[in-house]
Amino acid sequence: MKARARFKSKASLALAGLLAVPLYFASLLAASLALDRPRIVGVHEGPPSGGREATIWAAALITPAILLAVGGAALPLRRYGLYASAVAGIVLCLVLPPVSHGWIARHESRFPLGMDFVKDSDPSNLSSRGEWEHAAQDTIASITHWTLVLAFGAILVGVLLEWRRRRGEDAILILPPPAAVTGEAETSPAVES
């Protein structure tokens, strides 16, 4: 029973960790839209430097860190902390797509040749100008929509478990163990008479 109570008290942090994973990948795409710049050597554009890549990966940690901080702060609320983590995840899912949508035009202007650094008219072009940005935005929207479903599902499960607990159905019925075999001969009452 103590292990069960311990799990209930850490449910907020567990849910925050679960929601932080997909939000990290959505934040990684958003951070790339916001901070990615080509490395320019002379007149040639190339992929971003390693330092710029590290900055993007570090900036993507902000959203999961916020969610985990809310989950950690909700630990004293015990079983009700689950709702705080879910609501924080919902808010982040609703904020991230519109914010990242504003960074599309800036990213397109920083990469005038597209992400593959080849003109759109060139036959070896793999990614037209603006194509990567819109695909990234669609992916951010998709990830956040599925994370919203996960957060609302966690709230629903929490409400159902609370309802069950209040109705007194919290304990799981366990049958008594089978009778121990002692090695003595067992006879039925019908055989003895």
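Visitor: With which residue does E162 meet in a salt bridge of 2.9 Å, N to O?

Guide: This is a predicted model, in which local features need pLDDT of at least 70, side-chain atom pairs count only at pLDDT 80 or more, and totals for chains, interfaces and linings use all residues. Residues are numbered from 1 along each chain as its sequence is written, and side-chain values use heavy atoms, with hydrogens and water left out. A salt bridge here is a side-chain nitrogen of Lys or Arg within 4 Å of a carboxyl oxygen of Asp or Glu. At 2.9 Å, N to O, the partner of E162 is R166.

Visitor: Why are E162 and R166 separated by about one helical turn?

Guide: Helices are DSSP runs of H or I with at least four residues, strands are runs of E with at least two, and both are numbered from the N terminus. E162 and R166 are separated by about one helical turn because they are 4 residues apart in helix α7.

Visitor: Is E162 buried or exposed, and which class does R166 belong to?

Guide: Buried means under 20% relative accessible area, exposed over 50%, and partly exposed in between, with a 1.4 Å probe and protein chains only. E162 has 10% relative accessibility and therefore counts as buried. R166 has a relative accessible area of 60%, so its class is exposed.

Visitor: With the side chain of which tyrosine does E162 make a polar contact?

Guide: A polar contact is a pair of N or O atoms within 3.5 Å; within protein, one must be able to donate a hydrogen and the other to accept it, and residues adjacent in sequence count only if both atoms are side-chain atoms. Contact in general means heavy atoms within 4.5 Å. Leaving aside neighbours within four places in sequence, E162 is in contact with R79, Y80 and Y83. The polar contact, at 3.2 Å, is with Y80.

Visitor: Which side chain makes a polar contact with that of S27?

Guide: S27 lies in helix α2 (residues 11–35). With a relative accessible area of 4%, S27 is buried. Apart from neighbours within four places in sequence, S27 is in contact with A60, T63, P64 and L96. The side-chain polar contact, at 2.9 Å, is with T63.

Visitor: How far apart are the C-alpha atoms of C93 and A151?

Guide: C93 is placed in helix α5 (residues 81–101) and is buried, its relative accessible area being 2%. Not counting residues up to four places away in sequence, C93 touches L23, T144, T147 and L148. C93 and A151 are 58 residues apart along the chain, and their C-alpha atoms are separated by 9.6 Å.

Visitor: What is the area of the nonpolar surface patch made by V87, V91, V95 and V99?

Guide: Patches are made of residues with over 30% relative accessible area and no salt bridge, with like charges joined within 9 Å and nonpolar side chains (Val, Leu, Ile, Met, Phe, Trp, Tyr) within 5 Å. Accessible areas come from the Shrake-Rupley method with a 1.4 Å probe, and for residues only the protein chains shown count as cover. V91, one of the patch residues, has 44% relative accessibility and so counts as partly exposed. The patch has an area of about 290 Å².
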